[in-house]
Amino acid sequence: MFRFTSRLLALTLGLVPLTITGVVAAIRITTPPVGPPVPVQNSPVRSSPVQTSPLLPVPTLPTDPYFAQQWNLQQIDIQGAWAVKSGAAVTVAVLDTGYVRSDELTSPGGASREINGYDFVSDASRSGDGDGRDPDGSGVGPLAYHGEAVANLIAAARDGQGVVGVNPQARILHVRVAGTDGLIAPQDLADALRWAAGLSVPGVPMNRTPARVVNLSLFADFVPLTGCDARVNAAIQAVTARGVLVVAGAANDGADASGYTPAGCADVLTVTAVDRGGQRPAYANWGRTVALAAPGGSPADGLPLLSGGELLLRNGTSFAAPQVAGVASLMLGVNPALTPAALTSLLKLSATPFPAGRCDPVNAAYTCGSGILNAGAALRLAARK
Ligand SMILES: [Ca+2]
Ligand SMILES: [Ca+2]
């Protein structure tokens, strides 16, 4: 478990460790052998022959081969969302392990929807690229899959190949904040937050493609727990005041998220995970600072993710948060005037209630916010607003 080893190492180096929030234990499933392209079906399959609404068209189902395995998209009613808005060219910043070129985001000969933003890892001993901050935000080392998987969850193309993202037309701004050890220095995170939103950071050129939504699939598990880091908190306040929504995973310790950065920070839309049945897996953090839940999978039943052209089954709040970020970007496509507070309010209001009224079947004190992300209902509210 790299997190524990790394945490001790990071503490001796004087860093407050922030770690990426994917659960390390992973199931890798076999990828189908690469062969000639599969011919696209001439007549796309209809989701239902019955007209579900007289006002909205019945959206066709994607032909991307892994779509049928993406159970999380059904759980959040992505078809209902796509009936309102099938995609929106809204920029979502992924502050994570950095840029990895994804076929889902950059088609051969087509325009790329991902931006190699900036490398904010200031410690050359942990950066893996031989220096500190620099303009190449490429991911380095075996953990680089993390940022790529998050980007694909948000924005993978609806192109008859691989998987489909929540917003298949979103633009991804990759900002590297994690070292090769998966740890993040709070000052690097604070500066990256400001930069992603288009605010100035000393020594770094201005970001010419500012984001409307920032995804943080990372957390600091302090020992002892000390809540929200002051530097990160100040950056979140500045970014929110500029109209940028910050979405964060609640972390994977099965603990109260209020003791964590950024999950315990004010103005963050904190997302915990539920399994396919809508229940809290043991790893998922909980409590009053959690706004809502989204599918995050369980160790026995992971979430399908695409990285390096391979389908992976993983679980963790890392993978719950990007679905909320993706839905928020679709909402901004429908209504660009929505503020971070309005987005948060609509996402909570539209959430699906937990089965039997609570996410934790054993302990009612382990709360998971307003409910489970409902993309369809959220988009319908955003369109009416
Ligand atoms: Ca560097
Ligand atoms: Ca695809």
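This is a predicted model: local features need pLDDT of at least 70, side-chain atom pairs count only at pLDDT 80 or more; totals for chains, interfaces and linings use all residues.
Reader: How many helices and strands does the chain have, and what part of it counts as buried?

Author: The secondary structure comes to 10 helices and 13 strands, and of the 385 residues, 57% count as buried.

Reader: In what order do the strands of the open sheet stand, and is the pairing parallel or antiparallel?

Author: Seven strands form the open sheet in the order 4-5-3-7-9-10-11, and the pairing is parallel. Strand 4 (114–119) and strand 11 stand at the edges with a single partner strand each, so one side of each is left without a neighbour in the sheet. From one strand to the next, the twist averages 25°.

Reader: Taking strand 3 as an example, how many bridges join it to strand 5 and how many to strand 7?

Author: Six bridges join strand 3 to the parallel strand 5, where Val175 is the bridge partner of Leu95. Three bridges join strand 3 to strand 7, again running parallel, and there Val92 stands opposite Val213. Strand 3 is mostly covered, with six of its six residues buried: Thr91, Ala93 and Leu95 point one way, Val92, Val94 and Asp96 point the other way, and all are buried.

Reader: Which strands does helix 5 lie across, and at what angle does it run to strand 3?

Author: Helix 5 (residues 145–155) lies across strand 3 (91–96), strand 4, strand 5 (171–176) and strand 7 (213–216), running at about 160° to strand 3. Tyr145 is found in this helix and is buried, with 21 other C-beta atoms within 10 Å. Leaving aside residues up to four places away in sequence, Tyr145 touches Ser307 and Gly308, while Gly98, which is 47 residues apart from Tyr145 in sequence, is 9.0 Å apart from it in space, C-alpha to C-alpha.

Reader: Which residues have the most contacts inside the largest nonpolar core, and how many residues does that core have?

Author: The general idea is that in soluble globular proteins, nonpolar side chains tend to be buried together. The largest nonpolar core here has 116 residues, and those with the most contacts inside it are Val214, Val247 and Val271. Helix 8 (residues 317–334) gives the most to this core, with 10 residues. The residues that Val271 touches, beyond those up to four places away in sequence, include Val247, Ala293, Ala320 and Val324.

Reader: Why can the buried residues of helix 9 be said to line one face of the helix?

Author: The buried residues of helix 9 (residues 340–349) are Pro340, Leu343, Thr344, Leu346 and Leu347. Seen down the axis of helix 9, they fall within an arc of 170°, so they line one face of the helix. They pack against helix 7 (230–241), strand 9 (245–249), strand 10 (268–274), strand 11 (292–295), helix 8 and helix 10 (375–384).

Reader: Turning to the backbone, which peptide bond is cis, and where is Ala251, whose phi is a positive value?

Author: The peptide bond from Thr261 to Pro262 is cis, with omega near 0°, and Pro262 is found in the loop between strand 9 and strand 10. Ala251 lies in the loop between strand 9 and strand 10; its phi is near 90°, a positive value in a residue other than glycine, and with 31 C-beta neighbours inside 10 Å Ala251 counts as buried. Asp77, in the loop between helix 2 (71–75) and helix 3 (78–84), has a phi near 55° and is buried, with 20 other C-beta atoms within 10 Å.

Notes:
Residues are numbered from 1 along each chain as its sequence is written. Chains are lettered from A and ligands numbered from 1 in the order in which they are written. A nonpolar core is a set of buried Ala, Val, Leu, Ile, Met, Phe, Trp, Tyr and Cys residues joined through C-beta atoms within 7 Å. A residue is buried if 20 or more other C-beta atoms lie within 10 Å of its own, exposed if 12 or fewer, and partly exposed in between; C-beta atoms are placed from the backbone. Helices (H or I, at least four residues) and strands (E, at least two) are DSSP runs, numbered from the N terminus. Two residues are in contact if their C-beta atoms, placed from the backbone, lie within 7 Å. The arc is that of the directions from the helix axis to the C-beta atoms. Two strands pair if DSSP finds at least two bridges between them. Axes are lines fitted to C-alpha atoms, for helices over the stretch in contact, and angles run from 0 to 180 degrees between N-to-C directions.
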